[in-house]
Every structure is written in structure tokens, then in C-alpha cells.
Amino acid sequence: MLAYVFYLLSAISIGSALMMVFSKNPVHSVLYLIATFFSIAAHFIILNADFLAIVQIIVYTGAIMVLFLYVIMLLNLNKESEVSKPTLVRVAAAVSGGLLFLVMIASFKESVDLQIIDVPDGLGSVKNLGKVLFSEYLLPFEATSVLFLSAMAGAVLLAKKK
Amino acid sequence: MNLALLIPVLPLIGFVINGLFGKNISKSTVGLIGSGTILGAFICTAIVFINFVNNGSVATEVKAFDWLVIGDTTLSFSFYVDQLSLIMMSLVTGVGFLIHLYSIGYMHDDENYSRFFAYLNLFVFFMLLLVMADNYLVLFTGWEGVGFCSYLLIGFWYKTPEYNDAAKKAFIMNRIGDLGFILGLFLMFSEFGSLQFTEVFSDASQYSEGNPAILGITILLFIGATGKSAQLPLFTWLPDAMAGPTPVSALIHAATMVTAGIYLIVRSHILFDLAPETMCIIAWVGAITALVAATIAVVQNDIKKVLAYSTVSQLGLIFVALGVGAYTSAMFHLLTHAFFKALLFLGAGSVIHAMSGEQDIRKMGGLKKVLPITHITFVIGCLAISGIPFFSGFFSKDEMLAHVYNDSVPLWIIASGTSALTAFYMFRLYFLTFSNGFRGTEHQKHHLHESPSTMTTPLMVLAVLAAFGGGLGLPMELIGIEHAHFLENFLPGLEDANFDLSHETEIFLMLGAVALAVGSWLFAKKIYKENQTIPSDNVTGIQKLFAGKYFLDEIYEKAIIRPFQLLGNALYIFIEERLIDPVVNAFGTLSIKKGNFVKQLQQGNTGFYIFGIVAGVVLILVANYLIWFR
Amino acid sequence: MNEITSTIQVVPLEYYIFLSVTLFSIGVLGMLLRRNAIIAFMSIELMLNAVNLLMVAFSAFRGDAKGQVFVFFIMVVAAAEVAIGLAILTMIHHNRGSVDINALNKLKW
């Protein structure tokens with residue numbers, strides 16, 4: 001049964017992603033991306049990363065995509081005035097993307113089967129994650145706070161009206 | 001023995017101090033340091049001399065440091081203290097000190113005072129290296145060094161282009177001789193495996209006469225000596241070198257540098273004794289040079305040029321003596337010549353100083369009363385060089401002529417003729433400069449004054465040496481006292497082995513030479529003092545050949561210099577302009593073209609950049625895949 | 001949860017890799033095809049998410065929490081990057097009047 005859940009979620013993800021890329025209206029693109037994020041959050045849940053799933057929903061869809069939406073509204077982009085690129089460019093882009101895809105698939109065909117280890121219980125729980133985060137990865141954790149500080153300052157400085 | 005090391009080091013210290021700090025210290029300090037170091041070197045030489053004689057006159061080697069170590073052979077920088085080098089050292093430091101003293105007064109008004117003394121000290125340093133050397137390499141170092149200092153000093157007043165040309169000419173002609181010297185050194189090293197005097201000479205004594213290798217070495221060494229000591233065909237630089245200040249002419253071109261070639265041959269006499277053909281060449285080259293130079297000197301009107309050609313002529317006579325194997329006589333005449341020629345040059349400098357820079361003797365005259373000390377010392381110099389009896393030149397020249405007569409009469413005829421001409425032109429110079437009435441301008445007449453004591457004291461000392469220097473080699477055997485010739489006793493192994501003239505023949509020759517000299521003197525007196533002839537500007541007949549210096553400069557110009565210039569020009573056009581320049585320029589143009597092509601990538605189009613990034617990554621991945629998994 | 005986790009072996013790892021690669025390629029395609037800078041930016045987010053999915057999949061199959069920690073940091077960086085990027089885009093719109101990629105061509109040779 002789980003397999004069907006997986007197939008469904010994958011279909012939603014890929015479909016939303018494709019719609020996001022080919023949609024003409026930017027606001028529609030944002031909404032499709034939000035759908036993609038939700039499906040990925042669902043993937044996280046079945047992959048035993050519940051904390052990350054919640055973080056994904058809160059941070060990505062709740063903050064980042066809302067930010068995108070704000071900017072699109074601010075720049076008044078809901079009318080579509082974009083001229084599409086010339087055909088040669090589109091063909092070249094399609095070729096590059098396709099080639100990338102092919103290579104990655106082909107390369108993992110040669111890969112060795114991984115040993116599947118017994119997953120301990122509560123791998124993705126807050127408690128477990130917190131233990132690892134605050135013991136081994138304490139320094140990067142603190143560094144990210146500095147990162148956020150600089151990002152905040154930068155954003156304020158950049159968007160300031162003179 | 002460490003004192004011997006100090007002798008060349010003192011002038012070097014003087015050079016460094018005067019060269020680096022000369023502009024910042026007072027002129028009198030500069031003069032003091034410059035002359036003081038030479039005086040110090042002279043005193044050290046005297047001490048070493050006395051020690052040497054007291055310790056039994058044993059030749060010693062004083063090593064400074066190992067210079068070149070090539071495999072098994074080591075060429076060390078060391079000095080050789082024996083009688084010959086001691087005599088030369090005393091000459092260089094003694095006469096050098098007197099000339100430094102003279103320069104304090106002569107160059108007093110020059111703005112480059114300190115540079116002059118620095119160069120003079122450097123020159124003395126190199127000359128000392130030359131005469132104190134223990135092997136041919138150190139000798140050659142000194143040889144090159146004095147050539148270089150000669151260039152610096154001749155072109156001392158570098159703001160005048162002609163002086164620079166004269167300096168270059170001197171250096172280039174020296175260089176041509178040096179090429180012969182170097183080739184000789186190579187041949188010597190390949191033959192004997194060493195360049196050290198003692199080793200080479202002891203090896204050479206095993207050789208028989210007429211060995212082709214020795215012949216080659218000696219001829220090449222003689223070519224080197226020709227360049228340095230201004231013999232045919234490399235002598236035209238010496239008259240031009242009079243462009244330098246007079247103390248330079250006195251020190252370098254009378255007393256020391258030009259004697260380097262003679263010293264070389266005397267030092268290597270063991271090699272030269274084994275090559276009779278070379279000795280013949282030396283004698284004849286010397287004779288011809290002496291005659292040619294003397295004839296040119298007869299028609300010169302510049303006081304320094306007369307003395308320059310006289311130097312060439314006297315050196316030629318010394319080479320004749322060397323060529324017949326009379327080494328001791330050659331050294332004797334070298335010493336006396338240094339005395340009286342330096343005296344004459346310094347006296348000429350005093351005259352020029354008094355005449356406010358005028359050097360043409362046709363515009364002088366009557367300086368007898370105004371420059372008393374200069375006059376008397378100059379007279380003594382003239383008497384010495386002409387070989388008037390009991391002055392130093394008389395003894396040395398007659399000894400040389402006797403040895404020459406013993407070897408070959410034609411050479412003797414040429415040498416005697418040259419001596420007669422010498423007396424003639426020297427007294428011509430004297431009478432035109434000092435006798436009769438003054439022929440210069442009023443302005444010059446006002447400025448006529450005797451030189452200061454720093455200039456006249458060396459003149460007086462040198463005059464004493466020129467007058468009594470004959471004591472170094474009195475021919476006592478003529479009056480019955482055998483083995484009383486000081487120089488002959490002092491310098492070992494340099495006697496002429498073939499000398500077998502009887503005492504009567506010697507006295508005859510002596511009287512004949514004196515008669516010639518006195519005759520020339522009286523002849524000159526008649527023409528220039530009593531008839532008051534002044535040399536005119538138009539010269540006719542054979543005098544034209546003499547006055548044109550046998551047109552040697554022009555011959556060199558057309559036959560040697562022009563073809564080289566044409567060759568250089570042709571090579572420039574064919575190789576530089578047609579071949580190398582296009583290639584080098586092509587590199588530049590190629591870069592520009594390729595750059596133009598590649599810069600099209602920078603269109604500023606962000607979309608293209610993104611595509612570039614993705615394309616690059618894809619390419620890398622594809623390549624990676626193909627390499628790793630196929 | 002436990003049942004879900006223990007039956008994860010039903011879906012082999014290769015499927016997750018396939019999914020992740022597909023999402024990534026779609027993101028690349030979006031970056032190249034669209035001229036609107038904001039859509040391009042969103043494609044970047046899609047690419048980051050594809051990577052996140054891959055890391056979490058590996059973490060689940062290997063029983064290692066480190067993968068999820070890394071995803072955590074990726075999210076942090078993505079958030080900061082979006083903030084700054086959108087600020088820059090806003091400025092560009094303010095200066096040039098549009099967010100078209102081809103309008104940003106001042107760095108020509």
C-alpha cells in the first residue's frame with residue numbers, strides 16, 4: 001500500500017514542478033511550487049523525518065513562498081508580459097536539461113546496492129535530531145545564527161529607499 | 001708576510017672611502033686620504049723590502065684565498081714577493097704617491113675632485129695586483145683592471161664627446177691585445193696544467209728551444225703586451241689618451257700601465273728564452289715602433305702629444321732590449337724612464353696650469369723666468385731622456401744600446417737613430433716652451449705663475465731621481481770593478497747570457513751615442529733658440545707623413561672599422577628587422593586577435609551565463625561518466 | 001510511525017534517487033527556459049528541495065541522522081539566500097523597470 005502512496009506523491013511532485021516551470025502567470029507558478037513543497041513534506045514524513053517535514057512546511061511554504069508572493073505582488077507581475085525565448089535557446093536548454101538527467105540516471109545504474117540498515121526508532125524525531133545537532137554540529141548551528149543576522153542586515157540595507 | 005697583503009688593500013680602502021663619501025667630505029680630506037693610502041702602501045712596501053733582503057732574498061708566496069677550484073686544480077689569489085715584484089711595487093707606490101701629491105694641487109679647482117682620487121686609488125690597486133701576482137690569472141685581473149681604470153681616467157671629463165671617444169679607443173685597443181693574452185693563457189693552461197708562475201716556469205725549463213706550443217704562448221702574450229704598452233700596430237690610443245688630465249698621463253701612460261707589458265715579458269722570460277723567433281719579432285716591432293713614433297714626435301705641436309709619442313718611442317726601445325734578451329737593461333731603462341717621463345709630464349702639467357690651459361707650444365715661450373722650478377726640473381728631464389752623460393737616462397740607454405749592438409747591428413742603427421731623434425725633439429720642445437720671448441695672449445701673460453708647492457715638490461723629488469737614478473746600474477766594470485751593477489746583482493737570472501762585447505767597444509759605443517745626443521741638442525738649439533723658428537701650420541713633403549701620424553688612424557678606420565659597421569648594419573636589416581621583429585610582433589598580434597575572439601563571450605547576457613554554467617556542469621558530468629564507467 | 005518506517009523497504013532506494021534527479025532536472029530546465037528572474041529563482045528552490053529529498057532518503061535508508069541535520073542547514077541557507085536574492089531583485093526592478101534577465105546586460109565587453 002505504501003508503494004501506491006509513494007507513486008501518488010511522486011506524481012504530484014513532478015506534475016506540480018512541471019506546471020510551475022511552464023505556467024505563464026507567476027502567481028500560478030508560486031502556487032504550484034507550494035504544492036510541490038507540500039508533496040515533498042509528505043515524502044519526508046514517510047521517510048521518517050517528521051521534524052523536517054514540519055520545518056519544511058513552516059519555513060519553506062510558510063515563509064519563503066509567502067515572501068515570493070509578496071515580491072510578485074509588489075512588482076505587480078501578475079500580468080504576463082514576458083516574451084518567450086527564441087527557439088534555438090529553448091532547444092539548447094531542453095537538450096542540456098535532458099542530458100543532465102540522462103547522465104545522472106545512467107551513472108546510478110552502475111552503482112552498487114547499498115546495505116539497508118535497520119532503522120532505529122525515532123530517527124527523525126525532535127529529540128534525536130536535537131541530540132545530534134547540539135552535540136556534533138554545535139558550531140555550524142551557532143554559525144547559522146550569524147548567517148541570519150548578516151542576511152537580515154543585508155536585506156534591509158539593499159531594499160532601503162534612499 | 002701579512003703586511004704584503006696590506007699593500008694593495010690600502011689603495012682599495014682609499015677608493016671605497018673617496019668613491020662613496022667623497023662628495024661629503026672636504027677637498028683636503030679627500031686629497032689626504034687619497035695620497036695617504038698610497039704613502040702607506042709605499043711604507044709597507046719598504047718594510048717588506050727590508051725584511052726580504054734581511055731574510056736572505058728568498059722569494060715567497062703570500063696567499064690571500066682560494067679563488068677557483070676546478071676539480072683537482074686550484075687557482076688561488078696569491079701574491080709573489082720576489083726582487084722583480086718588489087722593484088715594481090716600489091716604483092708604482094713611490095711614483096704613484098708623488099703623482100697623487102701633485103694632483104692635490106693640479107685638480108684643485110675641479111668639481112669632481114673626489115671621483116678623480118677614487119679612480120686613481122683604484123688604478124693603483126689594480127696595478128699592484130698586476131705586479132704582485134703569483135699566477136697569470138691574478139696578473140690578468142690586474143691587467144684588465146688597469147685597462148678599465150685607464151678608460152675611466154682618460155674620459156674623466158666626460159662631458160666632452162671627444163674625450164669619451166679617446167677613452168673608448170684606448171679601451172678597445174687594449175681589449176684587442178687582451179684577446180691575445182687570454183688565448184695565450186688558454187694555451188698555457190692546456191700545455192702546463194697550471195697558471196702559477198713557479199709551476200709554469202719549472203715545467204717550461206724541461207722544454208727544448210723552438211717548441212711550437214711555447215712559440216704560440218709567447219706570441220700571444222706579446223700581442224697582449226703590444227696592446228697594453230702601445231706598440232705597433234696598437235699604439236694609436238696613447239696620443240689620444242692625452243685627453244685625460246695630466247696626472248693621469250703621468251701615472252698611467254708614462255710610469256705604470258704601459259710598463260705592464262714589459263713587466264709581463266720580463267716575468268715570463270723563461271718562456272721567451274725558449275722562443276727565439278718571438279724574440280726576433282719583439283725586437284723588430286719595438287724598433288719600428290720607436291722610429292715611427294720618434295718621427296711623428298718631431299712635428300707635433302701639442303706639449304702632451306710630443307711626450308706621448310716620446311713614450312711610445314722609448315717603450316719601443318725597451319722592447320728592442322727585451323727582444324735581444326737584455327732583461328736587466330730593460331728593467332733599468334723602465335725605471336729611469338718612469339722617473340724622467342713622469343717628471344716631464346708633471347712639468348708639462350705645471351706649464352699648462354700656468355698657461356691657463358693652453359697646450360700648443362707655438363703659443364708658449366720665455367717661461368724660463370716665470371716658472372723657475374718647473375724650468376729647472378724640466379731641463380733635468382730633457383737631459384735625462386736624451387742620454388746626456390751622468391744623468392740616469394745615459395746609463396740605462398747606453399747599456400741597452402750596447403746589448404742591442406751585440407745582437408744585431410741593423411737594430412742598433414735604428415735604435416741609435418731613434419735616440420738622436422729623441423734628443424732633437426725633446427730639446428725642440430724645451431726651447432719652444434721655455435726660451436726666447438712669450439708668444440701667448442696678454443690674458444695668459446697676466447696669469448702666469450709658478451705652481452703651488454704640492455705641485456713643485458713632486459717635481460723636485462722626481463728630478464733628483466731622474467738625475468741620480470743612474471746609480472741603480474752604474475757600469476762599474478768599465479773602470480775595472482766587476483759585479484758592481486746594482487740591478488744586475490739584485491735581479492737574479494735576468495742577465496743577457498750572450499753578452500760578449502769588450503770594454504773598448506762599449507766605451508766606443510758610449511762615446512758615439514753621446515756625440516749623437518749632443519749633436520742633436522746643438523742642432524735643435526740652433527733652429528729653435530737662435531733662429532727662433534716657430535713651427536708653421538703648413539707642413540710640406542715628408543713632414544706631412546709624420547704630421548698625419550702615417551695616416552694610421554685613417555687606415556684603421558677604412559680597413560677595419562668601416563667593414564664592421566657595414567656588417568653590423570647588414571645583419572641588423574636582414575636578421576633583426578626582417579626576421580626577429582615580425583616573429584615577436586606576431587606573438588603580440590596573435591594575442592590580440594585571439595583576445596578579440598574570446599571576448600565575444602562576455603555579452604552581459606545573464607541568461608547566457610546561466611546556460612554556460614549548466615552546460616559546463618553537464619559537460620563535466622558526461623566526461624566523468626564516460627571516463628569512469630566505460 | 002513505526003509501521004511506516006519498517007515498511008519503507010518496500011520502496012527501493014533507486015526510486016527516490018530517480019525522483020530526486022527528475023525534480024532537479026526540472027529545476028534546471030526552469031532556470032534555462034524562463035526569462036522572468038523570479039521564476040528562475042523559484043527553480044533554484046526546486047533544485048534545493050530535490051537535494052533535500054535525496055539526503056533525507058539516504059538518511060532513512062542508512063539510519064544516520066546526519067543527513068537530516070544537513071538538510072536542516074540547507075534549509076537555513078536557502079532561507080537566507082531567498083531573503084537577500086529577493087531584496088536584490090526588488091532593487092533591480094526599482095532601477096531598471098523590469099525583472100527580465102535579458103535586461104541585465106550592462107557587463108558587456
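Mentor: A crossing of two helices is right-handed if the near helix is turned clockwise from the far one by less than a right angle. Turned anticlockwise, the crossing is left-handed. Keep in mind that this is a predicted model.

Trainee: Which hand does the crossing of H18(B) and H22(B) have?

Mentor: That crossing is right-handed. So, by the definition, the near helix is turned clockwise from the far one.

Trainee: What angle and what axis distance describe the packing of H18 and H22 in chain B?

Mentor: The angle is about 35°, and the axes lie 8 Å apart. H18 covers residues 409–434 of chain B, and H22 covers residues 503–530.

Trainee: Which residues of H18(B) and H22(B) meet?

Mentor: On H18(B), they include B:Ala420, B:Phe424 and B:Phe427. On H22(B), B:Leu516, B:Trp521 and B:Tyr528 are among them. "Meet" has a cut-off: C-beta atoms within 7 Å.

Trainee: How does the contact of H18(B) with H22(B) divide by class?

Mentor: It has 13 nonpolar, three polar and three charged residues. Phe, Trp and Tyr count as nonpolar, and Lys and Arg as charged. B:Arg428 of H18(B) and B:Lys525 of H22(B) take part, so both belong to the charged class.

Trainee: Why do E1 and E2 of chain B count as paired?

Mentor: Pairing needs at least two bridges. E1(B), residues 60–70, and E2(B), residues 73–81, have nine, so they pair. The sense is antiparallel.

Trainee: What stands opposite B:Phe65?

Mentor: B:Phe77 in E2(B) does. Between the two strands of the hairpin lie two residues. B:Gly71 takes a positive phi near 60° there.

Trainee: What pattern does chain A follow?

Mentor: Along the sequence it reads α-α-α-α-α-α.

Trainee: What share of chain A counts as buried?

Mentor: Of its 162 residues, 28% do. Each of those has 20 or more other C-beta atoms within 10 Å of its own.

Trainee: How many residues of chain A and chain C are in contact?

Mentor: 70 residues of chain A contact 62 residues of chain C. H3(A) gives the most on the chain A side, with 11 residues. That side divides into 53 nonpolar, 12 polar and five charged residues.

Trainee: How many residues do chain C and chain B give to their contact?

Mentor: Chain C gives 12 and chain B gives 10. The chain C side has seven nonpolar, two polar and three charged residues.

Definitions and conventions: Residues are numbered from 1 along each chain as its sequence is written. Chains are lettered from A and ligands numbered from 1 in the order in which they are written. This is a predicted model: local features need pLDDT of at least 70, side-chain atom pairs count only at pLDDT 80 or more; totals for chains, interfaces and linings use all residues. Axes are lines fitted to C-alpha atoms, for helices over the stretch in contact, and angles run from 0 to 180 degrees between N-to-C directions. Helices (H or I, at least four residues) and strands (E, at least two) are DSSP runs, numbered from the N terminus. Two residues are in contact if their C-beta atoms, placed from the backbone, lie within 7 Å. A residue is buried if 20 or more other C-beta atoms lie within 10 Å of its own, exposed if 12 or fewer, and partly exposed in between; C-beta atoms are placed from the backbone.
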